[in-house]
Amino acid sequence: MRREFSRKLRAEIVLRATNRDGFVCCEECGLVLGKKPYEVDHTTPEALVMDKTKPLTADDGKLLGKDCCHTPKTVDDIRRIRKADRQRDRHTGAIVKTARPLPGSKASGWRHRMNGTWERR
Ligand SMILES: [Zn+2]
């Protein structure tokens, strides 16, 4: 189950990200956000966390500007999550190699020689 930051934790993180002048800053690049949108990001993507029994703390989250850091990080996180999903599925046997491999590929068992002939690998 995905753990979300409680209101209290979010408030703690926002306070941590507020500079001396009272402006909220991005904790990744330091940009002063002011009224620009920001989000509290899971530093380690929730989908990649093994032990979800531990409650979240303020250290598990970072205040990121939506446009400067959070959106690009999310794109990269999703790529990592999908790769982990594929590796798990291959490992557990949920993905089975196709019965008809691409002709000419290594899995087909045939080798196309430079002289135009075909031979068994
Ligand atoms: Zn940023």
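Visitor: What makes residues count as being in contact with Ser 108, leaving aside its neighbours within four places in sequence?

Guide: In this predicted model, contact means heavy atoms within 4.5 Å, and, once neighbours within four places in sequence are left aside, Pro 101, Leu 102, Pro 103 and Arg 120 are in contact with Ser 108. Ser 108 itself sits in the loop between helix H2 (66–92) and strand S3 (110–112).

Visitor: Why is Ser 108 called buried?

Guide: The word buried is used for a relative accessible area under 20%, and Ser 108 has a relative accessibility of 15%, so Ser 108 counts as buried. Of the 121 residues of the protein, 22% count as buried.

Visitor: How do you know that the side chain of Ser 108 makes a polar contact with the backbone nitrogen of Trp 110?

Guide: A polar contact needs a pair of N or O atoms within 3.5 Å, and the side chain of Ser 108 reaches the backbone nitrogen of Trp 110 at 3.2 Å, so the pair falls within that limit.

Visitor: How does the radius of gyration of the protein stand against that of a compact globule?

Guide: For 121 residues a compact globule would have a radius of gyration near 14 Å, whereas the protein has 23 Å. Its C-alpha trace spans about 75 × 35 × 15 Å along the principal axes.

Visitor: What is the order of the elements from the N terminus on?

Guide: The protein has two helices and four strands, and from the N terminus on its elements run α-β-β-α-β-β.

Key: Residues are numbered from 1 along each chain as its sequence is written. This is a predicted model: local features need pLDDT of at least 70, side-chain atom pairs count only at pLDDT 80 or more; totals for chains, interfaces and linings use all residues. Side-chain values use heavy atoms; hydrogens and water are left out. The radius of gyration is taken over C-alpha atoms; the globule rule is 2.2 Å times the number of residues to the power 0.38. Buried means under 20% relative accessible area, exposed over 50%, partly exposed in between (1.4 Å probe, protein chains only). A polar contact is a pair of N or O atoms within 3.5 Å; within protein, one must be able to donate a hydrogen and the other to accept it, and residues adjacent in sequence count only if both atoms are side-chain atoms.
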